[in-house]
Amino acid sequence: MTQQGRFHLPIALLTACVAVAAPALASPQKGPAQAATTPGGTCLTCHLQLDEPALKNPAVGFQHDVHDRPGLGCVACHGGDPTADDPEDAMSAKHGFKGAPNPGEIPRLCGSCHANEVLIRKFAPNLPTDQLSQYLTSVHGKLNSKGDTKVATCISCHGVHGIYAANDPRSSVYPTRVVDTCAKCHADAKLMAPYGIPTDQVAEYKKSVHFKALTDQNDLSAPTCNDCHGSHGATPPGVSSISNVCGTCHPQNMDLFQKSPHGKAFADLGMGACEACHGHHDIAKPTDDLVGLQKGAACLQCHDSGDPGGEAAIAIRTALELATDTDSRATQEVAEAQRKGMLMEDADIELQTAHEEIVKARLQVHLAALATVNEHTSKSVTAAKKALELAAAARHEIHVRRTGLSIAFVFIVFAIILLVIKIRG
Ligand code: HEC
Ligand code: HEC
Ligand code: HEC
Ligand code: HEC
Ligand code: HEC
Ligand code: HEC
Ligand code: HEC
Ligand code: HEC
Ligand code: HEC
């Protein structure tokens, strides 16, 4: 017991009474006797009164913690007697008090319950109980077992004394907050230096379409770090299995890729599937400029104009270019006719088809076969040309109407002049 602890004891006990009485006042069903067995017990009431932040903050944070439940409480992790007012007694080894665990002990401490299916089921029937076993297979877990104190343990990701359910927006593992949680270490060049791995993942990921979808559109189906790497399991699981992860959300691209000449070739070369062309952390919104052999095209990394892949790349790009050019010309001309008051419903339907076929053609790029891309680009061009014809017809009609209108106007003016002459005369 330190000097400081003793000094605050009387105040602690006094306020303990107040704290114990307060919930009783708030909820008339609970008598003071029941309130005395609140999950935090005397550990909580005393620690709330301590001045030193390291001793007080755990108690403050704990009041929002998922473990603040009857049957758990501070003793769930620290042991001790939560009914004893005397600190020596409350925090004595004879009551199983363990003090603050060190990083090497934490995974097994948390796992002592979280891997215990019977116990967890009593509190939360749907909560998985595989976190510890998974963690032990991860790079984090393996290094932790070897005594490395810098890798992530359960509390690096979940926090402690303020642990929330994973689906609670306040949780540090909530989808929109995971990036910052991993960034604490993975964007810290000094901390990561001894390991010799890059520290650009967070910065790169923040440039990606995925991060934009997650943050700008609040699209929780877009992946954050743990969707690709796993939350507890082996991280990373290896190039080929991580590529399969893309396929869980982009199944059509994956399906075509696997049927393409690249599917087998990449597997034989031990290369990832999607990353070769899209990168992994900084995945950008793809454009047609990614196909072909011009600067910036993905195909250029491995093909040149002499080989069949390179020839196909150029031909695919030319086909896409023709389709998008025709489509945008048609879109413009139809819009122009609409602005002039023409009804262009039929042309709109053709344009819709033209757009959709381009989307399909872009998807077919993953099969890396000119024929299937062409199939869709030519449907697109045909539809866009129909729209162009309809726009031309509309232009013609506008012209006819205008001429008719001008002639009518001349007649009317003429008639008025005649009328005026007649009245005067
Ligand atoms: C009447 C006040 C009081 C009560 C009751 C009390 N503590 Fe403490 N606790 C302290 C003080 C003061 C310290 C710091 C001095 C020390 O380590 O003894 C401390 C230290 C701790 C530490 C840090 C020890 C370390 O290893 O760094 C933990 C963990 C802790 N208490 C948990 C508990 C738990 C769990 C209970 C209930 C079973 C509890 N305390 C009950 C006053 C109290
Ligand atoms: C879910 C498990 C868990 C529960 C419940 C829990 N703690 Fe802790 N506590 C820990 C862990 C893990 C650490 C070590 C933290 C670290 O290394 O940063 C710790 C550390 C502490 C420390 C030392 C802090 C320091 O910086 O030295 C105190 C004091 C403490 N806990 C008090 C409490 C009190 C009081 C309660 C209840 C109000 C409580 N704890 C509930 C897991 C828990
Ligand atoms: C590298 C970060 C990280 C570490 C280390 C980590 N977790 Fe998690 N944990 C997460 C993320 C992210 C989620 C939420 C997504 C999910 O459910 O997979 C999560 C979810 C959970 C859940 C909710 C249920 C579930 O599995 O979906 C529990 C319980 C949990 N973790 C316990 C633990 C325990 C116990 C440890 C230590 C053995 C641990 N975690 C280590 C990141 C981590
Ligand atoms: C004494 C057993 C016990 C210990 C030790 C324990 N927990 Fe828990 N934990 C539980 C129980 C039971 C629940 C379910 C509570 C509920 O849903 O009401 C839970 C819930 C959680 C959740 C929320 C899961 C979700 O998404 O619903 C997380 C995260 C978590 N614990 C992490 C930890 C971490 C990290 C540690 C170690 C620092 C730890 N737990 C230590 C028993 C324990
Ligand atoms: C407490 C610091 C810390 C936190 C938080 C943390 N990590 Fe780590 N992580 C490390 C350290 C240290 C290594 C070991 C690096 C090594 O040996 O390659 C590591 C290794 C990894 C590796 C393996 C790298 C490799 O190929 O060797 C991956 C992947 C990883 N972490 C992902 C994550 C993700 C995703 C999160 C967030 C959900 C996260 N980490 C949170 C410290 C942390
Ligand atoms: C869309 C999937 C995806 C997302 C999201 C993602 N990663 Fe990765 N990550 C990968 C792939 C693929 C690799 C490369 C694996 C390999 O080469 O072994 C990788 C590699 C890593 C590595 C190993 C070192 C390196 O750079 O090659 C670390 C560490 C890592 N990622 C951390 C993170 C963190 C932190 C986040 C969140 C900011 C994140 N990743 C988000 C797919 C992803
Ligand atoms: C957890 C689901 C998920 C995972 C895993 C995932 N993505 Fe995505 N991806 C999305 C969502 C959601 C979007 C944004 C919505 C959209 O544009 O389709 C997106 C967008 C994209 C886009 C931009 C599409 C466009 O038209 O703008 C590309 C390219 C992409 N992802 C590639 C990948 C690659 C490569 C991987 C693996 C390294 C991957 N994704 C992993 C869900 C996922
Ligand atoms: C050989 C290079 C290459 C590989 C491998 C590749 N892509 Fe693509 N991907 C492209 C190109 C090029 C585009 C842009 C097409 C366009 O806009 O003309 C694209 C576009 C996309 C798009 C946006 C268009 C659409 O289909 O919605 C997504 C999503 C996508 N890729 C996901 C993936 C996934 C997932 C994988 C892995 C299964 C993958 N890609 C593998 C080259 C590739
Ligand atoms: C990371 C390297 C890599 C990238 C990037 C890449 N390819 Fe390939 N491609 C290969 C390999 C390897 C083969 C199989 C060996 C071969 O036939 O040359 C192949 C084969 C092909 C084939 C079949 C050629 C044949 O012999 O019939 C086509 C078509 C093709 N690629 C088109 C593309 C297109 C289009 C792109 C860009 C969107 C692209 N590739 C990007 C490596 C790549």
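Trainee: Which protein atoms are the donors of the iron atom of ligand 3?
Mentor: Start with the cut-off. Donors are N, O and S atoms within 2.8 Å of the metal (3.2 Å for Na, K and Ca); water is not among the atoms, so sites may look incomplete. Here the protein donors are the NE2 atoms of His158 and His232, lying 2.0 Å from the iron atom of ligand 3.

Trainee: Before we go on, what am I looking at?
Mentor: A predicted model: local features need pLDDT of at least 70, side-chain atom pairs count only at pLDDT 80 or more, and totals for chains, interfaces and linings use all residues. Residues are numbered from 1 along each chain as its sequence is written, chains are lettered from A and ligands numbered from 1 in the order in which they are written, and side-chain values use heavy atoms, with hydrogens and water left out.

Trainee: What arrangement do the six donor atoms around the iron atom of ligand 3 have?
Mentor: Check the angles. Six donors count as octahedral if opposite donors are over 155 degrees apart and all others between 65 and 115. Around the iron atom of ligand 3 the six donor atoms subtend 84 to 179°, so the arrangement is octahedral.

Trainee: Where in the chain do His158 and His232 lie?
Mentor: Helices are DSSP runs of H or I, at least four residues long, numbered from the N terminus. Histidine 158 is in helix α11, and histidine 232 is in the loop between α16 (225–229) and α17 (239–249), so the pair ties together parts 74 residues apart in sequence.

Trainee: Now ligand 4. Which residues donate to its iron atom?
Mentor: His67 and His114, each through NE2, at 1.9 to 2.0 Å. The site is octahedral, with angles of 87 to 179° among its six donor atoms. This pair links distant parts of the chain: histidine 67 sits in the loop between α4 and α5, histidine 114 in helix α7, 47 residues apart. Histidine 114 is partly exposed, with 27% relative accessible area.

Trainee: Which residues come nearest to ligand 4?
Mentor: A residue is near a molecule if one of its heavy atoms lies within 4 Å of it. Ligand 4 has 21 residues around it; His67, Arg69, Cys110, Cys113 and His114 come nearest. By class, the shell holds 17 nonpolar, three polar and one charged. In that scheme Ala, Val, Leu, Ile, Met, Phe, Trp, Tyr, Cys and Pro are nonpolar, Asp, Glu, Lys and Arg are charged, and the others, Gly among them, are polar. The largest share, four residues, comes from α7.

Trainee: Which protein atoms lie 2.5 Å and 2.8 Å from oxygen atoms of ligand 4?
Mentor: Polar contacts are pairs of N or O atoms within 3.5 Å; within protein, one must be able to donate a hydrogen and the other to accept it, and residues adjacent in sequence count only if both atoms are side-chain atoms. An N or O atom in the side chain of arginine 69 is 2.5 Å from an oxygen atom of ligand 4. A polar backbone atom of alanine 166 is 2.8 Å from an oxygen atom of this ligand.

Trainee: What does the shell around ligand 2 contain?
Mentor: It has 13 nonpolar, five polar and no charged residues. Ala54, Cys74, Cys77, His78 and His161 come nearest, of 18 residues around ligand 2. The largest share, five residues, comes from α4. The shell draws at least three residues from each of domain 1 (1–100) and domain 2 (101–196); the bounds come from an automatic or database domain assignment.

Trainee: Which side chains lie 2.8 Å from a nitrogen atom of ligand 2?
Mentor: An N or O atom of the histidine 78 side chain does. So does one in the side chain of histidine 161.

Trainee: Last site. How is the iron atom of ligand 9 held?
Mentor: Its protein donors are the NE2 atoms of His262 and His303, at 1.9 to 2.0 Å. Angles of 88 to 180° among its six donor atoms make the site octahedral. Histidine 262 lies in helix α19 (residues 261–268) and histidine 303 in the loop between α20 (275–278) and α21 (308–339), so the pair ties together parts 41 residues apart in sequence. Histidine 262 is partly exposed at 25%, and histidine 303 is partly exposed at 23%.

Notes: Four donors count as tetrahedral if all angles lie between 85 and 135 degrees; four count as square planar and six as octahedral if opposite donors are over 155 degrees apart and all others between 65 and 115; anything else is irregular. Helices (H or I, at least four residues) and strands (E, at least two) are DSSP runs, numbered from the N terminus. Buried means under 20% relative accessible area, exposed over 50%, partly exposed in between (1.4 Å probe, protein chains only).
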